[in-house]
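Subject: Structure handover

Hi there,

As promised, I am passing the structure on to you. Please have it open while you read, and my notes follow below it.

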Amino acid sequence: MNGLNPIFKRELLAYFRSPVAYVFIIIFLIANAGCTFLLGNFYDSQQASLEIFFLFHPWLYLFLIPAVGMRLWAEERRAGTHELLLTLPVRLGVSVFAKFLAAWVFIGVALLLTFPMVFTVHYLGEPDNGPILSGYFGSFLMAGAYLAIASFTSALTKNQVISFILSVIICLVLVLLGWGVFSNALNAIFPVWLTDALSQFSFASHFEAIRRGVIDLRDLVYFTSIIGFMLLINVVVLESQNK
Amino acid sequence: MIQVHQLSKRFGLFQAVNQLSFEVGKNEILGFLGPNGAGKSTTMKMLTGFLPPSSGTAEVCGHSILDAPIQVRESIGYLPESAPSYGEMLVEEFLRFIAEVRGYSGTSRDRQVDRVLELTALSDVRRQMIETLSKGYRQRTCLAQSLLHDPPVLILDEPTDGLDPNQKHEVRELIRQMSQERTEKGEPRTVLVSTHILEEVEAVCSRALIIARGEIVGYGTPEELLAQSRYHNAVLLTLAESEAQTVQAALEQIDGVAQIESVPYSGAGEARMRLIPESGRSIAVDVQQVLAREQRTVSEFSIERGRLDEVFRTLTTNR
C-alpha cells in the first residue's frame, strides 16, 4: 500500500485548503437542521431520538455527496496533475482508494459536526444511545456508497458539473428504487418479482434498518459492495482512458 | 539505460508514434526534437507509463514498461509538458508529498526536499503557495519534484518552456550538471529532454533525435546534424562594393562552390556575399587562394558551421 498515506493526507489537506469545504460544511449543517426541525417536525414527534434526523440523510446526500466527490478526478484531469500522480510508483487502485478515503473522512468530519443534535435529544429526554450510534455509523457507510459513485463519475470527465449531474442521477435512481411511489410505478411496467429485486438495491431501504438501530450484515455487505464495485470500475475507467 | 523497441501509439485513426526504436546510453543527454504534434510527448508518456503503447515496448534501466511499470516509474524522474503541480499546496508541502509517495520519511525526506530546493534555487519561495508563483517558479517546482528521488533516468518534456532567458540558462546548466553527476547509489545518469528550441540542443545535448509524424527523421550529435545543413562550411565574405563583381566572377570558378548569394549588408561602400559549397565540402582554403591570387582584401572572412533550424526544417518537412 505504498503511497496510500501521503496521497490520503494530500487530498484531505486539499479539502480544507479550499473555501468550498467550509461552504459545504455550513450548508450540510443548515440542511440537516432544516430537514429535521422544519420538514420533519422534530418537536411534534415528541420523541427523544434521532430517527427523524437520519430519515432525511438519503435525500440530503443525494446532492451534497456528489458535490464533495465531483472534484476527485475531474479536477486532477483539468489541472493535469493526474499525469503526475499516475506516473508516480503507486498502483492505480491505491491512488483511487486514498483519494476516496480522504473525501470520506471529510464527510465524516461534517457528519460529526452535527453533534449538537445528540446533545439536543439528551437535553429533551432520555434517548436510547444504541440507535443514535448505529444511525451515525449507517449514515457514514451510506455516505461512502454515494461517494464511491461520485468518485466514479468524476473519473469519466474533466468537467466537474457533468460529473456532479451524472452522480446525482445514479444516486437518485438508487434512492428512488426503495420509495413506494416509484416501486408502484415500476410495477405497472415490470413484473412484481423484478421490482422487488430492484428495490433491494435501494439506499433508503438498506439504511432504514440501521437507522432504527438494527445492524444487519446484509445491509453492511450491500453498502461495502457498492463502494467496492464503484471504486473498481473507477480504476477501470482511469486505466482505459488513454487507450 | 533506455531502450525503445518499435514503440507505436495510435489514437483512433491518428498514428501518433510509429514504430519508434532508439536507445539512450549512460551519461547521455538525448535531445528529443520535432515539430508540435510529432509524437515527442506521446513517446515520453509511454516511457513513464502514463499511456499504454498500442504496440512495441521499451525498457528503462532494464525494466520493461509493460511488465514492471512500478519499477520503471521508480527509476524515472518525470517532468510532464504542462509542469503540473497542486496549486493549493506550499512548495515544500508539495515536495514533501512527492518524497513521501516515493518512500522517504522523516529526516531523509526533509534532506531530499532541502537538496532539490537548493538545486533548483527555490529555497526563497519554499513557504509560498504554488498557485501564487510565476510560471518560471512553477516550472522549477515541478522540475524539483522530478529530482527528489535522485533518479538514474530523467525524462523532461520541454523543461525550459515559458522561462525567461536567465531561467532557461539556469535550467540548462542544471540539466547538464545532473547528467554529469552520478546518483547517490553511484549510477550514471541518463537524460531524455524534449524541446523545440534548437539552440538548446547545441547547448546541452550530447545527441539529438529528430522525429516527425511519429517517425525518426534524423539522429546524431549536434555537429553531425549541422553537417547536413547546406550552410555547413559556407564562407561569408565582406569586401568593397566596387570589387564585388570581379571577385564573385573569380570565386565562381572554384570547384566545389555550388552557389554564391549576396547577403544584405548595411555597411557603406561594402558588400557581403555567401559562398555555399556543394554538399558541405570545405572550400575555405580554395577561397583564400583565389583571393590571394587576385590580390583582393576582404574585411570579413568567416566559415559557417551550419544551421540547425534549417536542418530541422528540411528533415521534418521534406517527404
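Here is what turned up, going from the whole complex to single residues.

This is a predicted model, in which local features need pLDDT of at least 70 and side-chain atom pairs count only at pLDDT 80 or more, while totals for chains, interfaces and linings use all residues. Residues are numbered from 1 along each chain as its sequence is written, with chains lettered from A and ligands numbered from 1 in the order in which they are written.

**Confidence**

For the complex, the predictor gives an ipTM of 0.88 and a pTM of 0.88. Chain B has a mean pLDDT of 89, with 99% of its residues at 70 or more; pLDDT is the predictor's confidence in each residue, from 0 to 100. Within chain B, helix 3 (residues 91-101) has the highest confidence, at a mean of 96, and helix 7 (residues 198-204) has the lowest, at 83.

**Where the chains meet**

The contact between the chains takes 20 residues from chain A and 20 residues from chain B. Two residues are in contact if their C-beta atoms, placed from the backbone, lie within 7 Å. On the side of chain A that touches chain B, helix 1 (4-17) and helix 6 (81-85) of chain A each supply at least two residues. The largest share, five residues, comes from helix 1 of chain A. Helices (H or I, at least four residues) and strands (E, at least two) are DSSP runs, numbered from the N terminus. By class, this side of chain A divides into nine nonpolar, seven polar and four charged residues. Here Ala, Val, Leu, Ile, Met, Phe, Trp, Tyr, Cys and Pro count as nonpolar, Asp, Glu, Lys and Arg as charged, and the others, Gly among them, as polar.

**A helix pair in chain A**

Helix 5 (residues 71-79) and helix 9 (residues 129-156) of chain A pack with their axes 6 Å apart, at an angle of about 20 degrees. Axes are lines fitted to C-alpha atoms, for helices over the stretch in contact, and angles run from 0 to 180 degrees between N-to-C directions. That angle makes helix 5 of chain A roughly parallel to helix 9 of chain A (angles under 35 degrees count as roughly parallel, over 145 as roughly antiparallel, 65 to 115 as roughly perpendicular and the rest as oblique). Helix 5 of chain A brings Arg71(A), Leu72(A), Trp73(A) and Ala74(A) to the contact, and helix 9 of chain A brings Ser151(A), Ser154(A) and Ala155(A). Four of these residues are nonpolar, two polar and one charged.

Elsewhere in chain A, Glu239(A) is found in helix 14 (residues 217-240). Glu239(A) is partly exposed, with 14 other C-beta atoms within 10 Å. A residue is buried if 20 or more other C-beta atoms lie within 10 Å of its own, exposed if 12 or fewer, and partly exposed in between, with C-beta atoms placed from the backbone.

**Chain B**

Chain B has eleven helices and 14 strands, and its C-alpha trace spans about 80 × 45 × 35 Å along its principal axes. Of its 319 residues, 41% count as buried. Among contacts in chain B with a separation of 6 or more, 69% join residues 24 or more positions apart.

Helix 5 (residues 135-147) of chain B is mostly covered, with ten of its 13 residues buried. Among them are Tyr137(B), Cys142(B) and Leu143(B). The cover includes strand 6 (76-79), helix 3, helix 4 (106-119), strand 7 (153-157) and helix 6 (165-180) of chain B.

Asp150(B) lies in the loop between helix 5 and strand 7 of chain B. Asp150(B) is not a glycine, yet has a positive phi of about 55 degrees. With 18 C-beta neighbours inside 10 Å, Asp150(B) counts as partly exposed.

Asn233(B), in the loop between helix 8 and strand 11 (235-240) of chain B, has a positive phi of about 70 degrees and is not a glycine either. Asn233(B) is buried, with 23 other C-beta atoms within 10 Å. Most residues other than glycine have a negative phi.

Finally, Leu226(B) is found in helix 8 (residues 222-226) of chain B and counts as buried, with 21 C-beta neighbours inside 10 Å. Not counting residues up to four places away in sequence, Leu226(B) touches His232(B), Arg305(B), Gly306(B), Leu308(B) and Val311(B).

Best wishes
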